[in-house]
Amino acid sequence: MRVLLIGANGYLGRFVADRLLADPAVQLTALGRGDDADVRFDLATGSPGALTRFLDAVHPGVVINCAGATRGGARELTRHNTVAVATVCEALRRSGCGARLVQIGCSAEYGPSQPGSSTAEDAVPRPGGPYGVSKLAATELVLGSGLDAVVLRVFSPAGPGTPAGSPLGRLAEAMRRAMQSGDGELKLGGLGAQRDFIDVRDVARAVHAASLSAAQGVINIGSGRAVRLRDAAAVLARVAGYGGALHELDGPPGPLRATIGHPRTDPDHVPPVAYPYPDGCGSWQQADVRTARDRLGWRPRINLEESLADIWMEAACRI
């Protein structure tokens with residue numbers, strides 16, 4: 001099976017590439033903006049015609065799109081998350097390869113959910129920010145393209161390679177600094193949000209399964225369990241061996257703040273600020289993952305403690 005992977009050097013794309021390379025039946029070609037891609041191509045600026053010519057030459061059976069942007073202004077997000085997908089869809093429609101498209105979507109497309117509920121694929125999307133809007137627009141383009149296509153709506157990915165700017169990445173970095181400086185107290189804010197964390201390696205397994213299946217439409221990829229960020233912080237402290245006290249700062253929900261020990265008063269010291277994913281999803285998200293089980297034969301295998309242990313291992317290497 002010839003597979004064209006777009007965005008192989010991204011957070012999710014790296015693990016999808018590893019998973020596909022482990023399958024001897026897969027012949028993988030990586031397309032991206034970096035020098036280490038097999039083929040250099042920028043979806044946000046490249047023409048559908050140029051991509052069509054490449055598709056006709058390579059003739060893949062599956063195209064997997066892991067490319068996109070999670071941060072930036074509305075224009076940048078639209079360019080990398082929506083226009084880029086429009087280019088892929090148009091190129092596939094023009095091409096004679098007849099490839100199946102696996103598009104990586106995001107739970108931010110749903111927007112805020114009712115606390116205690118599980119969000120199924122038939123929920124009406126109400127994204128709460130430009131990131132979710134740009135990803136939802138991409139999903140609608142894929143679903144309306146007439147292609148053999150599936151969109152995997154990935155909830156909150158965790159595990160090795162977690163970006164330092166994510167909530168879990170910020171927690172690990174704050175704990176690393178506390179342990180490095182010998183602080184016996186770690187003050188954290190903005191930990192009330194609950195998210196459905198799913199390990200990136202489980203996401204890669206889902207992408208692999210989707211590429212082999214005939215499933216179409218939208219499929220949620222998550223653990224099916226919401227976890228409060230403060231509980232994730234406690235687990236992270238345990239796997240890190242941090243024996244200090246964890247104190248949650250008072251205040252309304254907002255950006256995740258991390259202050260180690262007692263705040264210093266000198267004007268040159270600015271406490272680090274850790275912003276959450278720009279998902280606009282409010283205080284709660286939890287996936288209904290029955291469709292993934294029924295249509296892909298997929299279930300998550302890696303628990304959050306293992307994901308956090310891998311996040312900590314990478315953070316600890318920076319000591």
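Reading the sheet and its helices

Me: Which residue follows helix 2, and what makes its backbone stand out?
Reply: In this predicted model, helix 2 is followed by His 59, whose phi is positive, near 55°. What makes this stand out is that His 59 has the positive value although it is not a glycine. His 59 is found in the loop between helix 2 and strand 4.

Me: Why is His 59 called partly exposed?
Reply: The relative accessible area of His 59 is 39%, and since buried means under 20% and exposed means over 50%, His 59 falls in between and is therefore partly exposed.

Me: Which residues of helix 2 are buried, and what do they pack against?
Reply: The buried residues of helix 2 (residues 48-58) are Gly 49, Leu 51, Thr 52, Phe 54 and Leu 55, and they pack against strand 1, strand 2, strand 3, strand 4 and helix 3.

Me: What is the order of the strands in the open sheet, and why are strand 3 and strand 11 said to stand at the edges?
Reply: The open sheet has seven strands in the order 3-2-1-4-5-6-11, with parallel pairing. Strand 3 (39-40) and strand 11 (217-221) each have a single partner strand, so one side of each is left without a neighbour in the sheet, and that is what places them at the edges.

Me: How do you know that strand 4 pairs with strand 1 and with strand 5?
Reply: Two strands count as paired if at least two bridges are found between them. Four bridges join strand 1 to strand 4, and these strands run parallel; in strand 4, the bridge partner of Ile 6 is Asn 65. Strand 4 (residues 62-65) and strand 5 also pair in the parallel sense, over four bridges, with Val 63 standing opposite Leu 101 and with Arg 100 in strand 5 as the bridge partner of Val 62. Each of the two pairings therefore meets the cut-off.

Me: How does the chain cross from strand 4 to strand 5?
Reply: The chain passes from strand 4 through helix 3 (residues 74-94) to strand 5, and this β-α-β crossover is right-handed.

Me: Which way do the residues of strand 4 point, and are they buried or exposed?
Reply: Val 62 and Ile 64 point one way from strand 4, while Val 63 and Asn 65 point the other way, and all of them are buried. In a regular strand the side chains alternate between the two faces of the sheet.

Me: Why is strand 5 described as largely enclosed by the rest of the structure?
Reply: Strand 5 (residues 100-106) has seven residues and seven of them are buried, so the strand is largely enclosed. Arg 100, Val 102, Ile 104 and Cys 106 point one way, whereas Leu 101, Gln 103 and Gly 105 point the other way, and all are buried.

Me: What makes strand 5 and strand 6 a pair?
Reply: The cut-off is at least two bridges, and strand 5 and strand 6 (residues 149-154) pair in the parallel sense over six bridges. Leu 101 stands opposite Ala 149, and Val 102 stands opposite Val 150.

Me: Why is helix 3 called roughly parallel to helix 4?
Reply: Helix 3 and helix 4 pack at an angle of about 10°, with their axes 9 Å apart. Angles under 35 degrees count as roughly parallel, so helix 3 is roughly parallel to helix 4. The residues of this contact divide into eleven nonpolar, four polar and one charged; among them, Leu 77, Val 85 and Cys 89 are in helix 3, and Tyr 131, Ala 138 and Leu 141 are in helix 4.

Me: How do you know that Ser 156 and Leu 304 are buried?
Reply: Buried means under 20% relative accessible area; Ser 156 has 7% relative accessibility and Leu 304 has 14%, so each counts as buried. Ser 156 is found in strand 7 (residues 156-158), and, leaving aside neighbours within four places in sequence, Ser 156 is in contact with Arg 195, Asp 196, Phe 197 and Ile 198. Leu 304, in helix 9 (residues 304-316), touches Phe 197, Val 227 and Ala 232, not counting residues up to four places away in sequence.

Methods. Residues are numbered from 1 along each chain as its sequence is written. This is a predicted model: local features need pLDDT of at least 70, side-chain atom pairs count only at pLDDT 80 or more; totals for chains, interfaces and linings use all residues. Side-chain values use heavy atoms; hydrogens and water are left out. Buried means under 20% relative accessible area, exposed over 50%, partly exposed in between (1.4 Å probe, protein chains only). A crossover is right-handed if, with the strands pointing away from the viewer, the path from the first strand over the helix to the second runs clockwise. Axes are lines fitted to C-alpha atoms, for helices over the stretch in contact, and angles run from 0 to 180 degrees between N-to-C directions. Angles under 35 degrees count as roughly parallel, over 145 as roughly antiparallel, 65 to 115 as roughly perpendicular and the rest as oblique. Contact means heavy atoms within 4.5 Å. Ala, Val, Leu, Ile, Met, Phe, Trp, Tyr, Cys and Pro count as nonpolar, Asp, Glu, Lys and Arg as charged, and the others, Gly among them, as polar.
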